[in-house]
Amino acid sequence: MDIIPRDQHCISRKNISDGALKVMSRLRSGGFQAYLVGGAVRDLLLGGRPKDFDIATDATPEAVTGLFRNSRIIGRRFRIVHVRFGREIIEVTTFRGHHDNRPKDSEQNEAGGNHSRQSASGLLLRDNVYGTLEEDAARRDLSVNALYYDSGKFEVFDHLRGLKDLEQRTICIIGIPEQRYTEDPVRMLRVVRFAAKLDFSIDQQTAEAIPHCAHLLAEIPAARLFDEFLKLFLAGSAARTLDKLLEYNLLRYLFPSTSKRIQQDDKALALVQAAMGNTDERIAEGKHVTPAFILAALLWPIVSEQFEVLENGGDAPMVAMHSAAHSAIAEAVKHISIPRRFSQPMREIWEFQLRLQRRAGRKAVELIEHRRFRAAYDFLLLREQAGEDTGGLGIWWTEIQELSQEQRFEKAASVEDNHKRPKRIRKRRPNPAP
Ligand code: ATP
Ligand code: MG
């Protein structure tokens, strides 16, 4: 094991949150070990500012909650303790151990009431066997995520050559890749995510095992995939993440229909890429982003294709859009959960694409005040950016927003709308015989 003293690394306590420092010092005073670990150490060593602070300790979850009134145990698959300081939550995890070499009834493990459990295919269903710091490091996913910082002695502990990988900018899974992916297939998504986020390359063996194990992602519950989706696409490197997911053919486990479609249709690919690029820009500028917008873009190739089929089959546009949206979402949620608070705005963004086609009259002007206008307008621009021909709608809606209310009405009144709603042919009921 390598121990790096304070004068040989760049971590300074002033970049660590007070909450995290407090938790570690109280654990140490209680006679326990406590280290900053995971993403926080990685990002500090890379000179960045961590977004959250995770702590690893040899204290059991019960011992931790005994020390902090503002704490509670959460999770089943992994039991962890959340210690709250105002708005900040510090995550405290007890060192994890190896599963097979520890008697199930050992005192420490019994006290924690914990077990480990694997599915028939080797998926780790529960991982609450406690261990030492060395064992804990070996149970983590990537070498660059397995560095520990001791805020008392100011030392960094490196058991698995994480520092070397950080220097060489390499994502390397710990242990035998096939085995680690089998235990938890989400680790494949994490490999891709961190490679994209940090702009690191992927170690050869870490990469080569992915095609052999990718199918295991089909076993992951839809809710966990949604959590992972948020981390993949809302962390500021969505464009690069998408490229990597496509390179490793993993998008199909999150959005199978989209994955298929964008391999056949360059415009569909361009739209999804543009959505990711825009999202990254917005995040870089500190603007608000919503998963609903990204999801709307990811499913648009499916929705718009289905819409066309239905409309050509004689459905009224709104009816066609409604059905297309319904079936695209119903198909998607078989793989990835989409909470209603996102699926509803997605539908509205799609349906709004039809309403934006009607530029004439008062109603058109009033659309600008609609709470979904902004997202729908951005979405329209996105479609144009990806090469879709909307007949110049984007520029029209851009210009009208810059006018006064009075000028808007004038502009809308002068429009010859070439997107008039097609007349519906109603079937007449035969007149009753006199
Ligand atoms: P960030 O929070 O910046 O996305 P992170 O590395 O902190 O990155 P988390 O998901 O917060 O990622 O996880 C914290 C740490 O827990 C990781 O650094 C890693 O050591 C460990 N970890 C998380 N998920 C797994 C997993 N599926 N398998 C093994 N270890 C994991
Ligand atoms: Mg983290």
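A residue counts as buried when its relative accessible area is under 20%. Keep that cut-off handy, and remember that this is a predicted model.

**Exercise 1. Decide whether Trp300 and Phe379 are buried or exposed.**

*Solution.* Start with Phe379: its relative accessible area is 0%. That falls under the 20% cut-off, so Phe379 is buried. Now take Trp300, which has a relative accessibility of 5%. Again we're under 20%, so Trp300 counts as buried too.

**Exercise 2. Work out how the rings of Trp300 and Phe379 are arranged, and which parts of the chain they tie together.**

*Solution.* First, what do we need to know? A pair of aromatic rings is described by the distance of the centres and the angle of the planes. Rings pair if their centres lie within 6.5 Å, and the protein has 13 aromatic pairs by that rule. For Trp300 and Phe379 the centres are 5.5 Å apart, and the planes sit at 85 degrees. An angle over 60 degrees counts as edge-to-face, so that's the label for this pair.

Next, find the two residues in the chain. Trp300 belongs to helix 16 (residues 291-312), while Phe379 belongs to helix 20 (residues 373-385), so the pair ties together parts that are 79 residues apart in sequence.

Once you've got that, look at another group: Phe226, Phe229, Phe233, Phe255 and Phe342 are linked into a cluster by ring pairs.

**Exercise 3. Find which face of helix 12 is buried, and what packs against it.**

*Solution.* List the buried residues of helix 12 (residues 238-247): they're Ala238, Thr241, Leu242 and Leu245. Now look down the helix axis: these residues fall within an arc of 100 degrees, so they line one face of the helix. Then check their partners. The buried residues pack against helix 8 (186-198), helix 11 (222-233), helix 13 (251-254) and helix 15 (266-284). After helix 12 comes Asn249, which has a positive phi, near 55 degrees.

**Exercise 4. Find the rings that Arg6 and Arg355 lie over.**

*Solution.* Take Arg6 to begin with: its charged end sits over the ring of Phe154, 3.9 Å from the ring's centre. For Arg355, the ring is that of Phe352, and the distance to the ring centre is 4.9 Å.

**Exercise 5. Sketch the whole protein in numbers.**

*Solution.* Count the elements: there are 22 helices and twelve strands. Finally, bring back burial: of the 434 residues, 49% are buried.

Notes: Residues numbered from 1 in each chain as written. Chains lettered and ligands numbered in written order. Predicted model: local features only at pLDDT ≥ 70, side-chain atom pairs only at ≥ 80, totals over all residues. Heavy atoms only, no water. Buried < 20%, exposed > 50% of the residue type's maximum accessible area, 1.4 Å probe, protein only. Helix = DSSP H or I, 4+ residues; strand = E, 2+ residues; numbered from the N terminus. Arc of directions from axis to C-beta. Contact = heavy atoms within 4.5 Å. Phe/Tyr/Trp six-rings, centres within 6.5 Å; stacked < 30°, edge-to-face > 60°. Lys NZ or Arg CZ within 6 Å of the ring centre and 35° of its normal.
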